[in-house]
Amino acid sequence: TRLAIESLSITQNSAAGSGINLDLVNVTGLDSVAIEDLIITGNGRGIDLNFVNTDAGSLSIEDSQVTGIIVSASQGSDIGNGVISDNRIAAPAGFEGILLDLQSTATAPSSANNFRIINNTQISTRDRDAVRSRRFDSGRRSAAGRDHRCGEGDGHDAAVRRGSGGVHYGG
């Protein structure tokens, strides 16, 4: 099964919402999610994509102009191959440019292996990290409360290249 969202222009004027808020909860048989050729303007986050107990073989967000992206995986979700490329991302105040958020437990590990953020012409924000990767793993979180760094442990292997400055890994 494929899910594709393509060639849309959206104006979103509330800082509390998102241009596209897609909650994939308990979805089975999802091979790929492709989002491309979007123009999202406004005061909130452009794309809010949540995988909850849902696996996807691949995720691509490409060739778009948006006001920020969050990709979250929880309750045992797995994103097999993710790529965010060839976008112009200008997040408003209060939002990261790109946030990859993984939430795991000992019985329901979530993962985003082989996730790449590449060849984006702009990733900017006014007051947050341009690119942030956050992993909360209740079975592995240290006593000090530190999030695991990108590439530590299973299920979190990411690369950030060219045009993706201001990178923060961890909590």
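The model is a predicted one, so local features need pLDDT of at least 70 and side-chain atom pairs count only at pLDDT 80 or more, while totals for chains, interfaces and linings use all residues. Residues are numbered from 1 along each chain as its sequence is written, and side-chain values use heavy atoms, with hydrogens and water left out.

Side chains of opposite charge can pair when their charged atoms come close. Four salt bridges turn up in the structure, a salt bridge being a side-chain nitrogen of Lys or Arg within 4 Å of a carboxyl oxygen of Asp or Glu. One of them pairs R45 with E96, with the closest N and O atoms 3.6 Å apart. R45 sits in strand β4 and E96 in the loop between β9 (88-90) and β10 (98-104), so this pair ties together parts that are 51 residues apart in sequence. Strands here are DSSP runs of E, at least two residues, numbered from the N terminus. E96 also meets R128, at 3.8 Å from N to O. R128 belongs to the loop between β12 (122-124) and β13 (131-137), so here the parts tied together are 32 residues apart in sequence. A further bridge links E96 to R132, with 3.7 Å between the closest N and O atoms. R132 lies in strand β13, so that pair ties together parts 36 residues apart. Shared partners join R45, E96, R128 and R132 into one network.

As for cover, E96 is buried, with a relative accessible area of 5%; buried means under 20%, exposed over 50% and partly exposed in between (1.4 Å probe, protein chains only). R45 is buried as well, and so is R132, whereas R128 counts as partly exposed at 44%.

Strand β4 also holds I47, which is buried at 1% relative accessibility. Not counting residues up to four places away in sequence, I47 touches I20, I35, L38, I40, I61, V66, G68, I69 and I70, contact meaning heavy atoms within 4.5 Å.

N53, in the loop between β4 (45-52) and β5, has a positive phi of about 50 degrees without being a glycine. Q75, in the loop between β7 (69-74) and β8 (78-85), is not a glycine either, yet has a positive phi of about 55 degrees.

Conventions. Helix = DSSP H or I, 4+ residues; strand = E, 2+ residues; numbered from the N terminus.
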